[in-house]
Amino acid sequence: MKLQRLQHVLGATFVSGIALALLVVGHLELRKRDCARQRKRRRCVKIVLTGGPCGGKTSCISRIREYLSERDIRVMTVPEVPTLFCNNGSSYDDLTTDQKLIDYQECQLNTQLCLEETMMKLGGLSDQPLLLLVDRGTMDGAAYMERDQWLTVLQRTGHVKAENSLWERYDAVIHLVSAAIGAETAYGSETNEVRFETVDEARVMDHTTKAAWSEHSNLHVVDNSTDFDGKLQR
């Protein structure tokens, strides 16, 4: 069921940005009564948070997880894969050729898919309604390479004829605009020690990331027109 459907079921009007994620509360609450009986057929609601560097993805995921966990909803999260790689010995400095970049992105996409499936299976062991929050998703890699390079990654991972499956697997995509666009004084690496982009580079990456997800029917962009708390509330 798409989130537009959830809005109809809940009798809600259109809600943009992060507030969209909270619509799943009502939908998941409706399934609590027969959750155990329908466990095998239970569907996981999947939301990916993406955007340029220093957009607030990790903080947002933490807030949503806390909010929904208090309402007896099992929230599983998938960490940002490139950060996971770098924190465990990988280095962007190794990507000195096009071939190495393609190899890296192939590993990233395969790991992304594996982590998502694993966390959904683990979450499915619970009898609670299930939500998967993803810190960057399958299409984010496309923002960091040329189209022909990305097509090679798709070919090598078996998705070249079904690229749409990589974004359609999510119920919603929330793009948190980088602090480098509209909140420059807040931009930095304090919340992510492996962040390397300058302000100008972060702006470019924000635009290319949004373009990578542009085909998703439930893409919602949250800008920096308010302070950070206001951004999370939207």
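Colleague: Let me start with charges. What is the general idea behind a salt bridge, and how many salt bridges are there here?

Modeller: Side chains of opposite charge can pair when their charged atoms come close. In this predicted model, the count comes to 10 salt bridges.

Colleague: Which residue forms a salt bridge with Glu80?

Modeller: Glu80 pairs with Arg136, and their closest N and O atoms are 2.8 Å apart. Glu80 sits in the loop between E2 and H4 and Arg136 in the loop between E3 and H6, so this contact ties together parts that are 56 residues apart in sequence.

Colleague: Are Glu80 and Arg136 buried or exposed?

Modeller: Both Glu80 and Arg136 are buried. For Arg136 the relative accessibility is 7%. There is also a network of salt bridges, which links Glu80, Arg136 and Asp140.

Colleague: What about Glu106: which partner does it have, and how far apart are the closest N and O atoms?

Modeller: Glu106 forms a salt bridge with Arg156, with 2.6 Å between the closest N and O atoms. The pair links distant parts of the chain, since Glu106 belongs to helix H5 and Arg156 to helix H6, 50 residues apart. Glu106 has a relative accessible area of 17%, under the 20% limit, so it counts as buried. Arg156, at 37%, counts as partly exposed.

Colleague: And where do Arg169 and Glu116 lie?

Modeller: Their side chains meet in a salt bridge at 2.8 Å, N to O. Arg169 is in the loop between helix H7 (165-168) and E4, while Glu116 is in helix H5, 53 residues away. Glu116 is buried at 0% relative accessibility, and Arg169 is buried with a relative accessible area of 17%. Arg169 has a ring contact too: it lies over the face of Tyr170, 5.8 Å from the ring centre.

Colleague: Which other arginine lies over the face of a tyrosine?

Modeller: Arg71 lies over the face of Tyr67, at 3.7 Å from the ring centre.

Colleague: On to ring-ring contacts. How many aromatic pairs does a search of the whole structure find?

Modeller: The search finds three aromatic pairs. One of them is Phe85 with Tyr104, which is edge-to-face, at 5.7 Å centre to centre and with 85° between the planes. Those planes are over 60 degrees apart, which is why the pair is called edge-to-face. Phe85 is in helix H4 (residues 81-86) and Tyr104 in helix H5 (residues 98-123), so the pair links parts of the chain 19 residues apart. Ring pairs link Phe85, Tyr92 and Tyr104 into a cluster.

Colleague: Now the backbone. How should I read phi, in general?

Modeller: Most residues other than glycine have a negative phi. Here Asp72 has a positive phi, near 60°. Asp72 lies in the loop between helix H3 (57-69) and strand E2 (74-78), and at 42% relative accessibility it counts as partly exposed. Arg136 also has a positive phi, near 70°.

Colleague: Last, the strands. In which sense do E4 and E5 pair, parallel or antiparallel?

Modeller: Strand E4 (residues 172-176) and E5 pair in the parallel sense over four bridges. Val173 stands opposite Leu219 in E5. Strand E5 (residues 219-222) has a covered face with His220 and Val222, and an uncovered face with Leu219 and Val221.

Note on methods. Residues numbered from 1 in each chain as written. Predicted model: local features only at pLDDT ≥ 70, side-chain atom pairs only at ≥ 80, totals over all residues. Heavy atoms only, no water. Phe/Tyr/Trp six-rings, centres within 6.5 Å; stacked < 30°, edge-to-face > 60°. Helix = DSSP H or I, 4+ residues; strand = E, 2+ residues; numbered from the N terminus. Lys NZ or Arg CZ within 6 Å of the ring centre and 35° of its normal. Buried < 20%, exposed > 50% of the residue type's maximum accessible area, 1.4 Å probe, protein only. Pairing = 2+ DSSP bridges. Salt bridge = Lys/Arg side-chain N within 4 Å of Asp/Glu carboxyl O.
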